[in-house]
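Me: I'd like to go through this one slowly and ask what stands behind each label. Can you take me through it?

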Amino acid sequence: MEQPVGRAPESVLEAARRIHAARSAEVAPYAELYPLLLAEVPEIMADWDRDTTALPWSALEESERQNNLASVITRVIDCAMSDASRDLRVDALIAAACSHGECRRTQEMEVASLFREYDLLRAATWGHLSRIIESPTSFSAIFVIDGLLSVATRATVLGYHRAEMTANGLWTSHREELGKTVRS
């Protein structure tokens, strides 16, 4: 991309400031919502827990049922609404979700159950989000969070298959590629 005639090239510092300002503007509508939604995580997880009374989760000890799913939804909310650096937000989200998948594998959960638990998490999150803030902000937030929950689901499945992916030399490239799919 060519610079307009008469303008000096943008320095790295100027580019960083421009990018940070754009991210700050993007999350500005969520400034009030962000802490409110984070405060709802225990209730979101309680709703999720109430909806997981069916197998396979009911076969797990109550202390193991949620695993680190609360950390995943917290990282999803952070990724959507925090003004922290993109790399930090995305890496934290993917790491939490991959870890969740690895744990579900050790618990001998089936892959299909991962999709069901994310569906329940999505529904619980939407319910709380729509109660704490009105539209159109709630619709925008739901759209962003839904996309990030899809990434988290994929990362959980990736983590579930980490041993095979590592053995085949595919772990790092697939994890990095997943990180590139996050827009925010």
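Me: Among contacts between residues at least 6 apart in sequence, what share joins residues at least 24 apart?

Reply: In this protein, 78% of them do. Contact here means heavy atoms within 4.5 Å. Before we go on: this is a predicted model, where local features need pLDDT of at least 70, side-chain atom pairs count only at pLDDT 80 or more, and totals for chains, interfaces and linings use all residues. Residues are numbered from 1 along each chain as its sequence is written, and side-chain values use heavy atoms, with hydrogens and water left out.

Me: How many helices and strands are there?

Reply: The protein has 10 helices and zero strands. Along the sequence the pattern reads α-α-α-α-α-α-α-α-α-α.

Me: Why is Thr156 called buried?

Reply: Buried means under 20% relative accessible area, exposed means over 50%, and partly exposed is in between, using a 1.4 Å probe and protein chains only. Thr156 has a relative accessible area of 0%, so it counts as buried. Thr156 sits in helix H8, residues 137–160. Leaving out residues up to four places away in sequence, its contacts are Ala97, Cys98, His100, Gly101, Leu114 and Tyr118. Across the 184 residues of the protein, 41% count as buried.

Me: What about Ala96, buried or exposed?

Reply: Buried, because its relative accessibility is 9%. Ala96 belongs to helix H6 and touches Asn68, Ser71, Val72 and Arg75, again not counting residues up to four places away in sequence.

Me: What makes Glu108 exposed?

Reply: Its relative accessibility is 71%, so Glu108 counts as exposed. You'll find Glu108 in the loop between H6 and H7. Its phi is near 65°, a positive value in a residue other than glycine. For background, most residues other than glycine have a negative phi.

Me: Which residues touch the most other members of the largest nonpolar core?

Reply: Val76 and Leu121, out of 39 residues in that core. H2 (33–39), H3 (41–50), H5 (69–81), H6 (86–106), H7 (111–132), H8 and H10 (171–180) each supply at least two residues, and H8 gives the largest share, nine residues. A nonpolar core is a set of buried Ala, Val, Leu, Ile, Met, Phe, Trp, Tyr and Cys residues joined through side-chain atoms within 4.5 Å. Val76 touches Leu93, Ile145, Leu148, Leu149 and Ala152, not counting residues up to four places away in sequence.

Me: Why is H5 called oblique to H8?

Reply: Their axes come within 9 Å and cross at roughly 130°. That makes the pair oblique, because under 35 degrees counts as roughly parallel, over 145 as roughly antiparallel, 65 to 115 as roughly perpendicular, and the rest as oblique. Axes are lines fitted to C-alpha atoms, for helices over the stretch in contact, with angles from 0 to 180 degrees between N-to-C directions. On the H5 side the contact includes Val72, Ile73 and Val76, and on the H8 side it includes Ala141, Val144 and Ile145.

Me: And what makes H7 roughly antiparallel to H8?

Reply: The axes of H7 and H8 come within 10 Å and cross at roughly 160°. That angle makes H7 roughly antiparallel to H8. Among the residues that meet here are Leu114, Tyr118 and Leu121 in H7, and Ile145, Leu149 and Thr156 in H8.

Definitions and conventions. Helix = DSSP H or I, 4+ residues; strand = E, 2+ residues; numbered from the N terminus.
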